[in-house]
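User: Please take a close look at one part of this model, the interface between its domains. I would like a connected account of how that interface is built and what else bears on it.

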Amino acid sequence: MNTRIFSHISLIAGIGAPGRPLRGKQLAQLQSISNGYLIVEGGEISEVGRMEDLKYGGEQVPESTIVLPAWCDSHTHLVFAESREAEFVQKIRGASYAEIAAAGGGILNSAKKIAACSEDRLFELAWQRLMAIAKNGTGAVEIKSGYGLSVEGELKMLRVIKRLKEKSRMHIRATFLGAHAYPIEYRENHEGYISEIIDKMLPVIAAEGLADYVDAFCETGFFSPEEMLRICEAAGQYGLRPKLHVNQLNSIGGIEAGMQAGAVSLDHLETLTDKDIELLGHFDGLSTLLPGAAFFLRMAMPPARKLIHSNAAIALATDFNPGSCPSGNMQTMLSLACIQMKMLPEEAINAATINGAFAMEVAASSGSISRGKKANLIFTKPVTSLAYLPYAFGDNHIDRVMIDGDFI
Ligand code: NIG
Ligand code: FE
C-alpha cells in the first residue's frame, strides 16, 4: 500500500470525529494541531499528530501550509444542460424572478434544455463541473435531479449522477427532486404531476437504485407543505429520506412539515420567523445555509447568528445551479458566510466540512481529519492564519487537493 507522510504542517484543522453534528456554540470549536504531521495510507488517513511525536522522516510541506478536510458540499444541482446568463442580464435590467419564471424561464427553461440534451452530453458537462469543484477543494458532494420534470428527464439526470458516482473517487450522494416545479402542462393539475412522481418515477428510481434522498421545493407557487409531505411519505416507502428546500422566499410551514417527515436536512432558510428559528434549534437534522444563492438573488442572508444562538446545527453548501448560484466554489461560500452572515471562520469551516458530511450522512468517512477516514484533504498555499482563508475573498488559497489518497 502506498504510504505518504507529510511533516511540518503549520496547522492541521478539523481533526477529531464528532459522532453528532456540531450545534450552537460547538460550531466555533474547530479542533486543530499546530506544527503537526499526517500519514496517509492508501486512500485513508492513518495517523495525525504533533511533530515531536513523529517517529519517521516525511515529506516536508511548504512553510505556513494549513491542511483542512476537503469540503463537503451537501446541496448542489450541478447536472444541467446550459447556463442561464441571459436571465441574469434580464434581472439586471429589472425583470423579477417571478416574471422570468412566468415567461417560461427559470427552472422550466432548464427543463427544456435537459429534454434536448443527450445523456452522454449531460454526463460530460456534469463531469467537467465535478472536476472543477474538486480542484476547489470539494471531496464530497450531494447532487440533485429536478431539471427533468418528466419521467424521462428525471431518470436521465439520475442516471447521469449514478455514472458520476461510478467514475469519480469523490463521495457522491444523489437526491431525487422531481418536485422542483410543476411542468406547464400540470400547472392546473397538481394531482396529475404528483402521481407521475409517486407512481411512475419513484418505482423506477428505487428499482435502479438511482437516489439516496428525496427533495421538494416547498414554496408559494411551487409545492405546498402537504404536497411535499405526501411525496416524502411515498419516497419513504423506498427508504429515501428527505433533504428539503424550505423557506427560501416565504415561511409557509415547510419547517414543521420537514421535521415531521424526519428530514436529514432543511435547506435555504433565508426567510424565517422567530418561531421557525426556535424550531430549528430543536431540529435533529442540519439547517443548511446557501449564502451563494442569497447573494446572487440579492436577498437577505439567512440569519446564521440567530440560528447558532438557538442551538441549530448549521451546514454550509453552494446550491451550485444555473439559476440562483452559478458557482460551486466552497471557498467563496466560506467568505460569504463570514462577511455577510457574521459566522466566525472556525464556524464556517466546521459547517462546510463535518456538518456538511452529516447533512449527507457520510460523516463516518468524510468531513474531518481523523484516523480511518477517507484521505480527502486540502493543502493550502502559504497563509498567515486560518482566518486569512475567508478574509482574502476571491482568491484561490488552495495549493493541492487530495481525493481518496491521491493528489488531483
Ligand atoms: O435551490 N429554489 C429552487 N431551486 C434552485 C434554483 C432553481 C433554478 O432557478 O434553477 C435553488 O435555488
Ligand atoms: Fe437548491
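Analyst: The domain bounds used here come from an automatic or database domain assignment. On that basis, the chain of this predicted model is divided into domain 1, made of 3–69 + 368–407, and domain 2, covering 72–358. Taken over C-alpha atoms, the centres of domain 1 and domain 2 are 29 Å apart.

At the interface, 32 residues of domain 1 are in contact with 38 residues of domain 2. The two domains bury about 2,600 Å² between them, and carbon and sulfur atoms give 62% of that area. On the side of domain 1, Arg23, Leu27 and Pro390 lose the most area to domain 2, and together they account for 26% of what that side buries.

Polar and charged pairs also cross this interface. There are 14 residue pairs in polar contact between domain 1 and domain 2, counting pairs with both residues at pLDDT 80 or more. Two salt bridges are found across the interface. Arg169 forms a salt bridge with Asp404, in which the closest N and O atoms are 3.2 Å apart.

As for secondary structure, strand S5 (66–69), helix H15 (388–391) and strand S15 (398–403) each supply at least two residues of the side of domain 1 that touches domain 2. The largest share of that side comes from S15, with three residues. By class, the side of domain 1 that touches domain 2 comprises 17 nonpolar, eight polar and seven charged residues.

One pair is Glu82 and Lys113, whose closest N and O atoms are 3.7 Å apart. Glu82 lies in the loop between strand S6 (71–76) and helix H1 (85–92), and Lys113 lies in helix H3 (residues 107–115), so the pair ties together parts that are 31 residues apart in sequence.

The surroundings of the ligand complete the picture. Of the 15 residues around ligand 1, Tyr147, His180, Gln248, Asp319 and Ser324 come nearest. A polar side-chain atom of His180 lies 2.7 Å from a nitrogen atom of ligand 1. Oxygen atoms of the ligand are also approached: one is 2.8 Å from an N or O atom in the side chain of Asp319, and an oxygen atom of ligand 1 is 3.0 Å from an N or O atom in the side chain of His268.

How values were computed: Residues are numbered from 1 along each chain as its sequence is written. Chains are lettered from A and ligands numbered from 1 in the order in which they are written. This is a predicted model: local features need pLDDT of at least 70, side-chain atom pairs count only at pLDDT 80 or more; totals for chains, interfaces and linings use all residues. Side-chain values use heavy atoms; hydrogens and water are left out. Contact means heavy atoms within 4.5 Å. Buried area is the accessible area (1.4 Å probe) that two parts lose on being put together, summed over both. A salt bridge is a side-chain nitrogen of Lys or Arg within 4 Å of a carboxyl oxygen of Asp or Glu. A polar contact is a pair of N or O atoms within 3.5 Å; within protein, one must be able to donate a hydrogen and the other to accept it, and residues adjacent in sequence count only if both atoms are side-chain atoms. Helices (H or I, at least four residues) and strands (E, at least two) are DSSP runs, numbered from the N terminus. Ala, Val, Leu, Ile, Met, Phe, Trp, Tyr, Cys and Pro count as nonpolar, Asp, Glu, Lys and Arg as charged, and the others, Gly among them, as polar. A residue is near a molecule or strand if one of its heavy atoms lies within 4 Å of it.
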